[in-house]
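Trainee: Could we go through this model together, one question at a time?

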Amino acid sequence: MIIKECIAVVTGASSGIGLELCRLMAAEGAEVYGLCRRPVPHDHPRISWLQTDVTDRLAVDRAFDTVLKRHRAVDLLVNNAGFGLFGSVETLDPDEWQRLLATNLTAPFLCTRRVVPGMKERKRGTIVNISSIAGKRGFANGSAYCASKFALNGFSESLREELRGEGIRVCSINPGSTATEFFQHTGIEPKKLMRTEDVARAILSLIELPDDILPDQLVLRPL
Ligand SMILES: NC(=O)c1ccc[n+]([C@@H]2O[C@H](COP(=O)([O-])OP(=O)(O)OC[C@H]3O[C@@H](n4cnc5c(N)ncnc54)[C@H](OP(=O)(O)O)[C@@H]3O)[C@@H](O)[C@H]2O)c1
């Protein structure tokens, strides 16, 4: 995919991996729409920030209505918004569990369903789901987060098979610990962290592969 010809939507665009991806893609010439709850300073003419809580179905629809009024279709969707929730199972708050699934799992579905029709019509498009190494291997006190990311990987795998005949690529990204705001409220301090910019660049290099190559997943670990 040629980034500079791209209409891209990135969720979770106010910090971390999402913000870095928006900036990198805009710098390469893409027209980027960033969805997030916090207002973000307008720091690039090719990035439009659409203040959106991705757990709110109507808000998601409003954001995609805005994008699809301006453009015939979205070329690239990055489902990146997400957060971590850790703790022993009896201490997990059921409302937080629901909020986690709504953000990490249901939101990618809500966004994907809005871009697929246009992608099918044009027989091209890329959907990138930001999962985690926690979506591949469970660990103690990770039941909520791992469940959300395992499920997201299941969503990606099925969607990939559903859409590959339509010329649409679905990629699953599984990063390990990355230096973002992610760990701020989790009580976890990882020993080693990857730099946000490096992770975003790795994701971008995958997206930039020619359209007839389907990079189905990427796992990135700190060394
Ligand atoms: N950092 C890591 O070690 C790591 C490792 C593996 C996977 N990941 C995954 O990478 C993704 C990005 O996380 P990050 O590390 O870049 O963390 P981050 O800096 O905390 O960024 C998370 C982003 O998600 C957005 N977000 C959260 N809830 C949202 C909601 N309801 N509606 C809209 N946006 C929402 C936040 O924006 P607002 O608060 O402005 O809404 C923020 O922009 C997540 O899916 C995370 O699970 C991270």
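Trainee: In strand 4, which residue is the bridge partner of Val9?

Mentor: This is a predicted model, in which local features need pLDDT of at least 70, side-chain atom pairs count only at pLDDT 80 or more, and totals for chains, interfaces and linings use all residues. Residues are numbered from 1 along each chain as its sequence is written, and side-chain values use heavy atoms, with hydrogens and water left out. Strand 1 and strand 4 (residues 76-79) run parallel and are joined by 3 bridges, where pairing requires at least two DSSP bridges between two strands, and strands are DSSP runs (E, at least two residues) while helices are runs of H or I of at least four, both numbered from the N terminus. The partner of Val9 in strand 4 is Leu77.

Trainee: Which residue in strand 2 does Thr11 stand opposite?

Mentor: Strand 2 (residues 31-36) runs parallel to strand 1, with 5 bridges joining them. Within strand 2, the residue opposite Thr11 is Leu35.

Trainee: How many of the residues of strand 1 are buried?

Mentor: Buried means under 20% relative accessible area, exposed over 50%, and partly exposed in between, with a 1.4 Å probe and protein chains only. Ile7, Val9 and Thr11 point one way and Ala8 and Val10 the other, and all are buried. For strand 1 (residues 7-11), the count is 5 of 5.

Trainee: Which residues does Gly138 touch, not counting residues up to four places away in sequence?

Mentor: Gly138 lies in the loop between strand 5 (125-130) and helix 4 (143-163), and counts as partly exposed because its relative accessibility is 48%. With contact meaning heavy atoms within 4.5 Å, the residues that Gly138 touches beyond that sequence limit are Cys146 and Phe150.
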